[in-house]
Amino acid sequence: MTATTPVPARLSVVTLGVSDLDRSARFYEALGWHRSAASSPDVVWFRTADSVLGLYPHEELAAEAGVPSVGEPAFRGVTLAVNLESPALVDSALETAVAAGAVVVRPPGATGWGGYSGYFEDPDGHLWELAHNPFFAFAEDGSLDLPR
């Protein structure tokens with residue numbers, strides 16, 4: 001019998017396929033994110049509170065993964081989220097995203113699950129949720145401190 005290694009329950013890197021690497025990098029920098037020195041002309045990296053966000057050309061990312069690169073889908077079945085400490089911070093962060101070039105998909109408001117959130121698209125249509133979830137606490141490093 002062969003020993004197996006479990007897949008750790010962590011998200012280390014999220015890489016977004018983008019159509020214009022420089023434009024996308026400028027967008028995330030305008031959100032206030034800091035480009036890592038590990039970036040190169042081929043890939044841009046941003047450190048987040050508990051993971052890394054990468055930007056990589058869409059066609060090259062598809063080729064690397066060994067999947068066909070198809071047209072832009074209306075909905076990719078994935079959203080990315082930034083949780084914030086209050087509804088006022090959600091509103092303020094959305095204003096920053098819009099100033100950076102984001103398109104508001106759903107303005108912030110009360111949710112059916114008891115929180116407050118809104119959605120925007122980045123320059124390549126990736127959906128981001130800005131949310132205040134009163135049921136999730138934050139750890140000292142800014143990551144979510146979910147109950148075990």
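Ala, Val, Leu, Ile, Met, Phe, Trp, Tyr, Cys and Pro are classed here as nonpolar, Asp, Glu, Lys and Arg as charged, and the others, Gly among them, as polar. By these classes, the lining of the largest pocket comprises 22 nonpolar, 8 polar and 4 charged residues. The structure is a predicted model, in which local features require pLDDT of at least 70 and side-chain atom pairs count only at pLDDT 80 or more, whereas totals for chains, interfaces and linings use all residues. Residues are numbered from 1 along each chain as its sequence is written, and side-chain values use heavy atoms, with hydrogens and water left out.

The confidence of the prediction is expressed as pLDDT, the predictor's confidence in each residue, from 0 to 100. The protein chain has a mean pLDDT of 90, and 97% of its residues reach 70 or more. Confidence is highest in helix α1 (residues 21–30), at 97, and lowest in β9, at a mean of 82. Where pLDDT is low, predicted coordinates should not be read in detail.

The protein chain contains 3 helices and 9 strands; helices (H or I, at least four residues) and strands (E, at least two) are DSSP runs, numbered from the N terminus. From that terminus on, the order of elements is β-α-β-β-α-β-α-β-β-β-β-β. Along the principal axes, the C-alpha atoms fill a box of roughly 50 × 40 × 30 Å. Of the 148 residues, 31% count as buried, where buried means under 20% relative accessible area, exposed over 50%, and partly exposed in between (1.4 Å probe, protein chains only). The chain exposes about 9300 Å², of which carbon and sulfur atoms supply 57%. Contact means heavy atoms within 4.5 Å; among contacts between residues at least 6 apart in sequence, 49% join residues at least 24 apart.

The largest pocket holds about 1000 Å³ of space. On a 1 Å grid over the protein atoms alone, a pocket is an open set of points with protein on both sides within 12 Å along at least five of seven lines, and lining residues have an atom within 4 Å of a point. The volume is the space filled by probe spheres set on the points, which are joined across faces, edges and corners. The lining consists of 34 residues, with Thr-48, Ala-49, Asp-50, Ala-81 and Val-82 nearest the centre of the pocket. At least two lining residues come from each of β3 (52–57), β4 (80–83), α3 (87–100), β7 (127–132) and β9 (144–145).

Ser-24 belongs to helix α1 and counts as buried because its relative accessibility is 1%. Apart from residues up to four places away in sequence, Ser-24 touches Val-18, Leu-55 and Asp-124. Thr-96, in helix α3, is partly exposed, with a relative accessible area of 34%. With the same exclusion of residues up to four places away in sequence, Thr-96 touches Ala-30 and Leu-31.

Two further residues lie in loops. Glu-85 is found between β4 and α3 and is partly exposed, at a relative accessible area of 47%. Its C-alpha atom is separated by 8.0 Å from that of Pro-134, 49 residues apart along the chain. Glu-85 also touches His-132 and Phe-138, not counting residues up to four places away in sequence. Ala-139 occupies the loop between β8 (137–138) and β9 and counts as partly exposed, at 28% relative accessibility. Ala-139 and Ala-63 are 76 residues apart in sequence and 37 Å apart in space, C-alpha to C-alpha.

Key. On a 1 Å grid over the protein atoms alone, a cavity is a set of points where a 1.4 Å probe fits but cannot get out, and a pocket is an open set with protein on both sides within 12 Å along at least five of seven lines; lining residues have an atom within 4 Å of a point. Accessible areas come from the Shrake-Rupley method with a 1.4 Å probe; for residues, only the protein chains shown count as cover.
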